Structures are given as C-alpha cells and as structure tokens.
Amino acid sequence: MEIRGVWIPNTDCLVLTSKQRIAEAMDFLAATGFNVVFPVVWSKGFTVYPSQVMGKLFGIEIDPRYKGRDPLADITAEACRVGIAVIPWFEYGFASSYNQNGGHLLAKKPDWAARDRNNNLVKKNNFEWLNAFDPEVQDFMLSLILEVVNNYDIAGIQGDDRLPAFPSEGGYDYLTVCRYREEFNCHPPHNCKNRLWLQWRADLLTDFLAQIYCEVKAINPNLLISLAPSIYDWGFQEYLQDTKSWLDKGLVDIIHPQLYRRDFNSYKCLVDKLVIEQFSSKQLQRLAPGILMNIGSSYCISPEYLLQAISYNRSRGISGEVFFFYEGLRADNDALAKVLRNGPYAEICSPYP
C-alpha cells in the first residue's frame, strides 16, 4: 500500500483557519489521490486543539488564532468523510519558541530551559529549546501526545526533526550533569560532539521514544508511530536522533527522513544511501521519504523533479512519500496537483493505513 501524504502546517498555510477551508482541502486532496494528512497540532508553544494539559499548566488551552474552535476535530471529521487518514504532527517537539527567548513556556517554567556548556539557553537555528532530558518536560510532552490519542479519531501520531530530538549543544543543565556524573563519576565532556557523550544523550531520547511507543500502543495497538527525522548521521550529530536504533528496536512504524534537496540528483543520492546503507529489506517497508515541495514563495519543486522522485522511489522499493507542504499543491492554479492526479497518483489508492 502506498503512503501518499502531505504536511499541513499553520505557517504560510490557511487550511486550518476555518472549517470550510479544511473541508475544501480534504476534498481537493482526496481528488488528487492522497490518502493521509499530517496536520500540525503543536507549534510555537501552542496546541491546535483545546488542551486541558496546556490549560492547567500554562492557562492557554489553544493557540489564540483558533479560540472557540477545534481545528483538529474538524480535520479528523472532514478527512474521515473522504477516506483520508489523519496523523497529528507535533511539529515543535521539545522546541519552546522561535526567536522569542523561550516564549511563554519558559516564562512560566524557567526551570525547563535547556542549557549549553556556558549555561546559556540552548538556541539553534533560531529555535529555543526545552530540556528534553528533564522528566517534567518529558511528562508534559507525553501528556500532550496521549491527550490527542485519547480524544481524537486518528491513525497515529508524528514527531519530526524536533521530536524526539535535542540539539547536541545541550545537556549541560544541572539535572543532566548530575545524572551523567552518577554514571561515569566525571563531568560531561566540554566537546559537545564527543562521540560517547553524543551516544549517551541520544540513548536517553531513544528511551523516551520507547515510552511514547509503549503508552500509545497500550491505548490502541493499531495506532502508528510516525517519525520524520533529519538525515542520519547528520541528525545524530546535530540533534541526537539515532534513527538506526529506532528502527532496530522497532520503535517506529513509518519513517519519513527529510530528504529536502532542491534537485533530483541530490535527492537520488540520499535515497541510494538509505536503501544501501541504512535500511534492511524489511525496514524498507516502513520508509516513505519526506520530499520538499515548497518553501513559502522562495521555492517550488518542478514537475519534472516531482515525477522523477516518485518514479525513483518505486524503482528502489519505496512505496510512498510525504510532501512538505500543502500549499505547493495549490500554486500556479494547482499545477503540481494536476501532475500527480494525471500521473503517479491517477490510480485510486486504498485508504491508509
């Protein structure tokens, strides 16, 4: 069965702004041949659904843009109507804010801040971070995930390059340093890229993923754990994402490495590396790469590259892909959607999963 997926963010995208737009988008995606959507539910320190967890801890139940609504309920209902599966996307993961010095989360919970070796708040690529190794922070993130799992008709949940993930510059907070010292009787290496130090922290994230997997499956064993990590081993070096361990331990049901390249040859090289070096034949069944479709108005994939990427995926035994993101399909009078509808997605695909 093919995975034909697309991410629906709430940045540079209007789908979630009204029930009418959600319904129209689901009709459009079903007609184009898609069978799964990944709508954002956790972004910029806010949920895209009314959250009792957020209300209790931070006094803000939902992103103020959606006050009085429940976009997640709307999208699950409309997607179900047209036979599309919904896998909510926890986009921000352990990131607290973007260029806001931690935002309202760390203003309320300063002890949750991630710290680098100079005791500064961890900031990487303009994102400020919560401490992913703090048990309270992990409990908070798990509570959000389980809240969605318990309250919505969904096919699974998704983390990406920020869940489970954590900048390798972090881990020098008091709690994590004490934990490391108890185990090794010494202070963590000053070099944040020390291989053993990288692996020790990556293992902590893998342990947290195992907890997510077990608790979600305990509620419904049919729910999928979907992850869209950065490319290995860059993602390991920079964000402690040990995707090889996740696969080997069976902690991910479908995985979408972000093969975000702007030309086909670069994309092809990454696919070859995955197939040859990183995935066993059995694990390959779980692979549906992330393909960069557009970035605002600065980039849009060409029809030629789009068709080449899908064709090459199938030639390498990869039965699916997920596109970032929805608005690219609507550009230029739905040009790319028409390419899919008249080409590789012309044949009707069964609902997923």
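Modeller: Contact here means heavy atoms within 4.5 Å. This is a predicted model. Leaving aside neighbours within four places in sequence, Ser-97 is in contact with Tyr-92, Gly-102, Gly-103, Asn-126, Phe-127 and Glu-128. Ser-97 belongs to strand β6, which covers residues 95-98. With a relative accessible area of 2%, Ser-97 is buried, because buried means under 20%. Two of these contacts can be described further. The side chain of Ser-97 makes a polar contact of 2.5 Å with the side chain of Glu-128, and the Ser-97 side chain also reaches the backbone nitrogen of Gly-103 at 3.3 Å.

As for charged pairs, the structure holds 19 salt bridges. One of them joins the side chains of Arg-81 and Glu-78 at 2.7 Å, N to O. Arg-81 and Glu-78 are separated by about one helical turn, because they are 3 residues apart in helix α3 (residues 71-81). Arg-81 is partly exposed at 46% relative accessible area, whereas Glu-78 counts as buried at 13%.

Another salt bridge joins Lys-268 and Asp-272 at 3.5 Å, N to O. Both lie in helix α10 (residues 264-278), 4 residues apart, about one turn of the helix. Lys-268 is partly exposed at 29% relative accessibility, and Asp-272 is buried at 14%.

The side chains of Asp-233 and Arg-195 also meet in a salt bridge, at 3.4 Å, N to O. That pair links distant parts of the chain, 38 residues apart: Asp-233 sits in the loop between β10 (224-227) and α8 (234-239), and Arg-195 in helix α7 (residues 195-219). Finally, a network of salt bridges links Glu-2, Arg-4, Arg-314 and Glu-321.

Key
Residues numbered from 1 in each chain as written. Predicted model: local features only at pLDDT ≥ 70, side-chain atom pairs only at ≥ 80, totals over all residues. Heavy atoms only, no water. Helix = DSSP H or I, 4+ residues; strand = E, 2+ residues; numbered from the N terminus. Buried < 20%, exposed > 50% of the residue type's maximum accessible area, 1.4 Å probe, protein only. Polar contact = N/O pair within 3.5 Å; in protein donor to acceptor, adjacent residues only side chain to side chain. Salt bridge = Lys/Arg side-chain N within 4 Å of Asp/Glu carboxyl O.
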